[in-house]
Structures are given as structure tokens and as C-alpha cells.
Amino acid sequence: MEAVQILLGAVLALAMLLLFKPLLRGIARALLLVVKPKLSKEERLQRRLMKDAMMLNRMLNSMESAPSHAAELRAMAARA
């Protein structure tokens, strides 16, 4: 009898989790945004531009031995 009650409780808990899954997922996302807020469009754009500039600088530093590649990368960096 006791095992049946435990099984019934587990099934009921699972049914509740399935029923409220969208609500629980929304609460989890809201808590995540409280801890780690999304960046604004401007912040994302600035971060992407900085990442691109750093990548170009790394490529420039690694290609100092090939002047033609370095000049091409400098031209790309000027346009960015």
C-alpha cells in the first residue's frame, strides 16, 4: 500500500511538472536575466567590432613576414 502511494505521488509530481513546464521555463529564463542581463544592440555591436579589430590585429602580428598579406589586412582594418 505504501509503495502504491509513493508511486502515485511520483506520477502526480511528474504530471505537475509536465503541466507547468512552460511556466517553470519562463521563471528560469527570468531568473537568468536577473543574474546575467542581455546586452543592448549597441553593446553587442561594439563588442563585435572590438572582437573583429582584435582578430585583425592578431592576424597582422602573425603575418609580419608576408608584407603583401599585412598590407591587405591593414586595408581591411581601415574599412572596419
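Predicted model: local features only at pLDDT ≥ 70, side-chain atom pairs only at ≥ 80, totals over all residues.
Residues are numbered from 1 along each chain as its sequence is written, and side-chain values use heavy atoms, without hydrogens and water.

**Exercise 1.** Determine which secondary structure elements the protein contains.

*Solution.* Helices (H or I, at least four residues) and strands (E, at least two) are DSSP runs, numbered from the N terminus. The count gives 4 helices and 0 strands. Read from the N terminus, the order is α-α-α-α.

**Exercise 2.** Compare the radius of gyration of the protein with that of a compact globule of 80 residues.

*Solution.* The radius is taken over C-alpha atoms, and the globule rule is 2.2 Å times the number of residues to the power 0.38. For 80 residues the rule gives a value near 12 Å, whereas the protein has 27 Å. Next, the C-alpha trace spans about 85 × 25 × 15 Å along its principal axes. Finally, 5% of the 80 residues count as buried (under 20% relative accessible area, with a 1.4 Å probe and protein chains only).

**Exercise 3.** Identify the residues of the positive surface patch and the helices that supply them.

*Solution.* A charge patch joins like charges within 9 Å, from residues with over 30% relative accessible area and no salt bridge (a side-chain nitrogen of Lys or Arg within 4 Å of a carboxyl oxygen of Asp or Glu). Accessible areas come from the Shrake-Rupley method with a 1.4 Å probe; for residues, only the protein chains shown count as cover. Lys and Arg count as positive, and His and the chain ends are not counted; a charge is placed at NZ of Lys or CZ of Arg. The patch consists of K21, R25, R29, K38, K41, R44 and R48. Helix 2 (21–35) and helix 3 (41–62) each supply at least two of its residues; R48 lies in helix 3.

Note on methods
Buried < 20%, exposed > 50% of the residue type's maximum accessible area, 1.4 Å probe, protein only. Patch = residues over 30% accessible without salt bridge, like charges linked within 9 Å, V, L, I, M, F, W, Y side chains within 5 Å.
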